[in-house]
Structures are given as C-alpha cells and as structure tokens.
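Subject: Structure handover

Hello,

Here is the structure we talked about. Please look it over, then read my notes below.

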Amino acid sequence: MMASIAMTTGFILILMGLYGALTNRNILRIIVSFTVANTGVNLVLVSVGYMHGRTAPILDGAVPVAEAAKRIIDPLPQALVLTAIVIGVGVTALMLTYAFKLYESKGTLDISKCRELKW
Amino acid sequence: MNTILIAIGVLLAIAMIFTAMITIHVKRPAVAMLAAGMISLFASIMFLLLAAPDVAMTEAAIGSGLTTFLLFFVLGRVRGYDDEAE
Amino acid sequence: MIRRFSVLILLLALGIIFANLFIGYTPDTELNQTARYYAEHTASDIGATNIVTAIIVTYRGLDTLGEVTVLFLTAAIIGLVLSQGNKPSSSLQRQLPASGELLTTGSRLLVPLILLLGAYVFVNGHLTPGGGFQGGAIIASAALLLLLTDPLYRFSRRLITIIESISGLFFIGLGILGILLAGGFLDSRVLPTGELGSLFSAGLIPIIYSFVGLKVGAEFTSMLGNLAETEKS
C-alpha cells in the first residue's frame, strides 16, 4: 500500500516536472523543473524495493543476524538511489553554471531570445 | 499504527503534488525554488516511511539543502533578469 | 498553441506508459536471490551491520568509483568555466553592512559542531545509517554557513585542493591494495573483520568511507566557493 502511494506520486512528479521543463521560458525555472523530475524518479526507484511488514536493512537489536533474510527489505535499490541523488546535484550545479555564463554573454535569461542555432 | 502511517503517506503525497503545481505556476522564480526545496523535504520523509534511512538522510542533506542554496546563489547573481515566466 | 498541444500529447503518451507499468507491478513477498545473498552473507564476510554501506563500498565498489569520478569532473568543470570570467583587476569590494552580533557569534559556535557531526556520520558509516556522501554534504553545509555569515569570505584554494587530491589518491590506493592483498578491487578484507558492531570492524570500510566523505565535502565546498566568487562589485 505504501509502495503504491509512493510510486503514483513519483510518476505524477515526473510528468509535472517534464511539463514545467517544456513550457517555461526562463532558464532558472527549467532547471527547477528538472530538479522536481529528479526527485520523482528517485521516489519510484526506492518504492520498488519496499515489502510489506518488513524493516530497514540494518542489522541491530530489531533484526538479529540469524533471521535477517526474513525481516529486511531489498537493499539494492537504496544503494543505487544514493548514487543517483549525488550525481543529480552535480548535474544541477553544472546546469546552473552554464545558465550563469549564458546570462553573462547575452544579458537575458529568456531562451526564446537565444536564436543563433536556429536555421 | 499501520493506518496512521498510511494516512501520513497519503497526506504527504497530496502535499507533494500541490507543491509541484505551485512550482510550475507561480510568478516569481524565488518562490519556485523554495517550493522545490519543500518537495525534497517531503520526499525525504516519505523515504523514511518506505524504510530507507540512508536515502532519507542523503535527500535531506543534498536535495533540500545544497540544491536550494545553489539555486539561490545563482538567482542572486543575475540582476535585472527577464521576469517573463510562462 | 500548437506547442502546448503537442506537449500535452507527449505527456499523455508517457502517462499511459507509466500507468501500464504501475498496473503490472506486483510487490514481492520473498527477497529475490541477490538480496538474499546480501542479507545472509554480509555479517559473516564483511562484518558491517549497515548492509547498504557494505553494498556501496565492497560488493559494488566500481559504481562508487564511477560516482567519485563524475563528482570530480563536475567540480573541475565548474572551476574551469567560472574562472574564465573573472578579471583579477576588478576587485572593488562592495561595502556590505556588517552581519549582526547574533549571526557571527552563532556561526562561530555552530561551525565546529557541524564539522564534528559530519565527521561522526562518515566514520560510523558501517554501523548506523549514514556514510561518506551524507557526511560530505554536512561538511559542505558548514562551509555554507561561513559563506552566509560573511559573503566576502574566500576559502583558501590550496587547502581544498590538497584535501581533495590526497583523498582521491588514497581511495584509489586502498582499492589497489585490495587487489594485491585480498580478493579484488576495493575488497575490504585487507584488515581483519573484527567483532560485529564495534567501531574498529568491517576491515577497510571506515577508512575508505572516510576518504570518500572528505573528498565529497571538499568538492561541494569548492563548488560553492566558485559560485560565490562570481560576485562582482
């Protein structure tokens, strides 16, 4: 049940982030919409590994070592999403740097005014 | 106990979708960046409900903290920007 | 008008694909084979109680190597692109109003505590939720607090470069040590596994993760410092 809620929310966030990235004209708002879509993708990935009635993959008092295979959820999607979040912030920083250089050379942030590559 | 957790989950989902609509439709870019930070925060709590504490910590520190600050740094450097947001 | 319509058609098609994926998804009731292997063998082979850390550092260590490389590339590209716009002669410092007494005293009290919290998070990465990336982000937020208090504060470029280079070199060096003395690249069984749950356990994992945490913290700090230096008068 929790996994279905999270997966639906993730899919809706991806669609709304893509809509924002395709219809805005200010570059900074496009970058913000990409951040929203990134969060949605991470939500979908983590929700795949959830199993009902089980707990986090950490062996401590609640999960003794002998019966770990019956009490924890899948640890692999969490490891992949950790990498994805960190790389996502790196790509956002790169996008912001290029937006700043574009503003310095053109004086505007509106992408409909950057027409050198249109034939 | 279980129904309380599912109720919190549904509430967080509705809050996230509502905040995403604010991000797309508001006029000033500063409010949109704050709303994106709030989406990251709600997602971090939802990761905790999905039994993933490592991912929740990472999303709270990096997604909600560093990304919002990076966006605001660049917003402060561009002055006289084009306010035409569609 | 046509553009808005075609965007909606595209999103509708994507929505249909997502709905098909969602309907066809049935949650598992038993762990699949890979997860069962990780659950049963982590405590005896690796000796770490945090299974996600054991996966990231040893079982799938090559992915961590790729991620560290991508972060390094990102920080280097930002430093390169943003340094070509700065002319060294334009150093008219703007007269900012001084930060209040509350802010400066508070930040002087909080910055060492935040650094301590970051170091605690990445040294204990194999026992509790946490690890190198989270600790590195916390260290970068301490640098951010310094920048917020005094917007004209400049980090010493040499210190950040030295920390980042040495951490990266030691990370690769420990990985190659794994090839020479144990099973493969980034194998943590070079040091003994130790007792489950104590600080000095799980072989090389605390040391590897500490270097990753320092490297990530230095890279985020250099990104923030580069963006802050673009403030012209």
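pLDDT is the predictor's confidence in each residue, from 0 to 100. Chain C averages 84, with 93% of the residues at 70 or above. Within chain C, helix 1 (residues 2-23) has the highest confidence, at 91. Helix 2 of chain C (residues 33-46) has the lowest, at a mean of 83. Helices here are DSSP runs (H or I, at least four residues), numbered from the N terminus. For the complex, the predictor gives an ipTM of 0.87 and a pTM of 0.89.

On conventions: this is a predicted model, where local features need pLDDT of at least 70, side-chain atom pairs count only at pLDDT 80 or more, and totals for chains, interfaces and linings use all residues. Residues are numbered from 1 along each chain as its sequence is written, and chains are lettered from A in the order in which they are written.

Now the interfaces. A contact means C-beta atoms, placed from the backbone, within 7 Å.

Chain B with chain A: 42 residues of chain B contact 43 residues of chain A. On the chain B side, helix 1 (2-25), helix 2 (29-49) and helix 3 (53-77) each give two or more residues. Helix 3 of chain B gives the largest share, 14 residues. By class, this side has 30 nonpolar (Ala, Val, Leu, Ile, Met, Phe, Trp, Tyr, Cys, Pro), 6 charged (Asp, Glu, Lys, Arg) and 6 polar residues (the others, Gly among them).

Chain A with chain C: 35 residues of chain A contact 38 residues of chain C. Helix 4 of chain A supplies the largest share of the chain A side, 14 residues. That side has 24 nonpolar, 7 polar and 4 charged residues.

Best wishes

Terms used: Two residues are in contact if their C-beta atoms, placed from the backbone, lie within 7 Å.
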